[in-house]
Amino acid sequence: MSLHRSGVISGVGETRYSKVSGKSVLALHLEASLAAISDAGLSPKDIDGVIPYAGLGTIAEDYVINFGIEDLRFSAHTPLGGASPIAAVQCALAAVSSGICRHVLIPLARNGSSGGRISSLMEEAPQFRAVGEFELPIGAFAPAQLYAPMARRHMELYGTTSQHFAEVAVTTRQHAILNGRAMMTKPMTLDDHQASRMIADPLRLFDCSLESDGGAALVVSRADCARDLRQPPITVLGIAEGHPDSPTAITQRADLVHIGLDKAAPRAFAMAGVSHDDIDVAEIYDCFTYVVIRQLEALGFCARGEGGPFVASGALRLDGALPNNTHGGLLSQAHIGGLNHIVELVRQLRGEAGAAQVKEAKVGLVTGYGDMGDGSIAIMARA
Amino acid sequence: MNIDSLPARPRPTPTEESQGYWQALREHRLAFQQCADCGKLRHYPRPMCDACWSMKSIWFESSGQGTVVSWTVAHHPFHLAFKSQTPYALVTVELEDGVRMHAPWRGTVESLTLDLPVRVVFEGVEDGLTLPAFVAA
Ligand SMILES: [Zn+2]
């Protein structure tokens, strides 16, 4: 028994992405949720499971009282930072395929720009306890500062360069411009990237994701409950989460560039029964450009250490071998914790991705990355 | 809460397990938790040995000698308390005892390479707080 084809994504939705939403975080969650439920052709009262994002302030009860849900049968949290949304899909598939419930709502919204900035919120979470005690006092606590030593070691060991990072940033920006919802709409050149100010060497400003206000949501449904809904269901072929060695402190990790996706990716591919050549489109979590490069290696699209040359070949462009972050990602669309990456993959597989539509996108993958390198991956196809 | 508005330097809040580490630093000693049953060293301090699940530990005094695993240079002050220090370099060090530390680098950034031999030094930063840093060995 596995989660292979055990359920579908029946609906997706988003709010507007901006620097100042002018709305409460709960209102953004509800607005995105309503959009996803309506996209599926469901009523809010049909939702009988919910997985709120841990740490953004909403709880299952908020959805019960706002939607008037009479019999919520399932709720859970999947606290893996940016790997949470896909881990939540895995959790939801287990819930619907075992008969606990039929339609699980997975929302994620934040005032990450106008409310407390994402980079400043970390020390309050229990998974940052060790960093808070031992690394914050010496001046290392923001994600850019914690991940920079991983990037530096990758560069020293394998010859990866800032120009490789730039290729990721520039390609992602080109896709954002085609998206229509993205916060960043001005073209970026390799020179613009190289001229952007240093944040935490080797990471420059244009290696870092945005801080955004907005929300996204999706509905996971039991396959037999989604056949007659509004949208073509998108099925999950393979899915997995992976926790890195030394999951609370990157510093203490024997292999500094190792990440949770190194463990999760082989399991998801085996479950999906597809090969790398079958993947038509990818939405790879991009909190930082370097993190995309390392994940490409963990996913097996190139050997370890070859991520830099792989992106330099143009593979991630819309006409490349592996079109990636076709919505503009966290780098140029909005930082919605990667839930926006799942929304985009669903749209690509439905053929609804507009100017950034990958022709005949039949099978795609999406990843999540969070906290100290937690990883998650889902491989999906039209049902 | 926006911690940009809190200019005070962030201080560690020691736990039952970590008090000995911070106390040793105040005495200019580097001490790591060691399993009292199987002898395995661990850092950062925590209640249990992951090799034998013993909850008994003693303090092992480190030589403070190690080699560079990686580094970063912080340019953007995510916390106002560090603004006056930017840019500042931090090194990740593999101690010869087998555990890692992350601490400020007191040397030129240009001199940093993988496997560079380094040693710990102790810096009293304010009332009752001593932090480690590294210099070339
Ligand atoms: Zn032991």
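Predicted model: local features only at pLDDT ≥ 70, side-chain atom pairs only at ≥ 80, totals over all residues.
**Stop 1: B:Arg11 and B:Glu126.** Select these two residues and you will find a salt bridge whose closest N and O atoms are 2.8 Å apart. This pair links distant parts of the chain: B:Arg11 sits in the segment before helix H1 (19-26), while B:Glu126 belongs to strand E7 (residues 117-126), 115 residues apart. B:Arg11 is partly exposed at 41% relative accessibility, and B:Glu126 is partly exposed as well, at 33%.

**Stop 2: the zinc ion.** The SG atoms of B:Cys35, B:Cys38, B:Cys49 and B:Cys52 coordinate the zinc ion at 2.3 to 2.4 Å. Why is the arrangement called tetrahedral? Because the 4 donor atoms subtend angles of 98 to 117 degrees around the zinc ion, and the test asks that all angles lie between 85 and 135 degrees. Along the chain, the donors follow the spacing C-x2-C-x10-C-x2-C. Pick out B:Cys35 in strand E1 (residues 31-35) and B:Cys52 in the loop between strand E2 (41-42) and strand E3 (57-61); they are 17 residues apart. Is B:Cys35 buried or exposed? With 2% relative accessibility, B:Cys35 is buried, whereas B:Cys52, at 29%, is partly exposed.

**Stop 3: B:Asp37 and B:Lys56.** B:Asp37 lies in the loop between E1 and E2 and B:Lys56 in the loop between E2 and E3, so the bridge ties together parts that are 19 residues apart in sequence. B:Asp37 is partly exposed at 49% relative accessibility; B:Lys56, at 52%, counts as exposed.

**Stop 4: B:Asp50 and B:Lys40.** Here the closest N and O atoms of the salt bridge are 2.7 Å apart. B:Asp50 is in the loop between E2 and E3, and B:Lys40 is in the loop between E1 and E2, 10 residues away in the chain. B:Lys40 is partly exposed, with a relative accessible area of 37%.

**Stop 5: a nonpolar patch.** Switch to a surface view and select B:Met48, B:Trp53 and B:Met55, which form a nonpolar patch with about 390 Å² of accessible area together. B:Met48 is in the loop between E2 and E3 and is partly exposed, at 36%.

**Before you leave.** Colour chain B by confidence: the average pLDDT is 94, and 95% of the residues score at least 70. For the complex, the predictor gives an ipTM of 0.94 and a pTM of 0.96.

Key: Residues numbered from 1 in each chain as written. Chains lettered and ligands numbered in written order. Heavy atoms only, no water. Donors = N, O, S within 2.8 Å, 3.2 Å for Na, K, Ca; no water. Tetrahedral: all angles 85-135°; square planar, octahedral: opposite > 155°, others 65-115°. Helix = DSSP H or I, 4+ residues; strand = E, 2+ residues; numbered from the N terminus. Buried < 20%, exposed > 50% of the residue type's maximum accessible area, 1.4 Å probe, protein only. Patch = residues over 30% accessible without salt bridge, like charges linked within 9 Å, V, L, I, M, F, W, Y side chains within 5 Å. Areas by Shrake-Rupley, 256 points an atom, 1.4 Å probe, with all protein chains shown as cover. Salt bridge = Lys/Arg side-chain N within 4 Å of Asp/Glu carboxyl O. pLDDT = per-residue confidence, 0-100.
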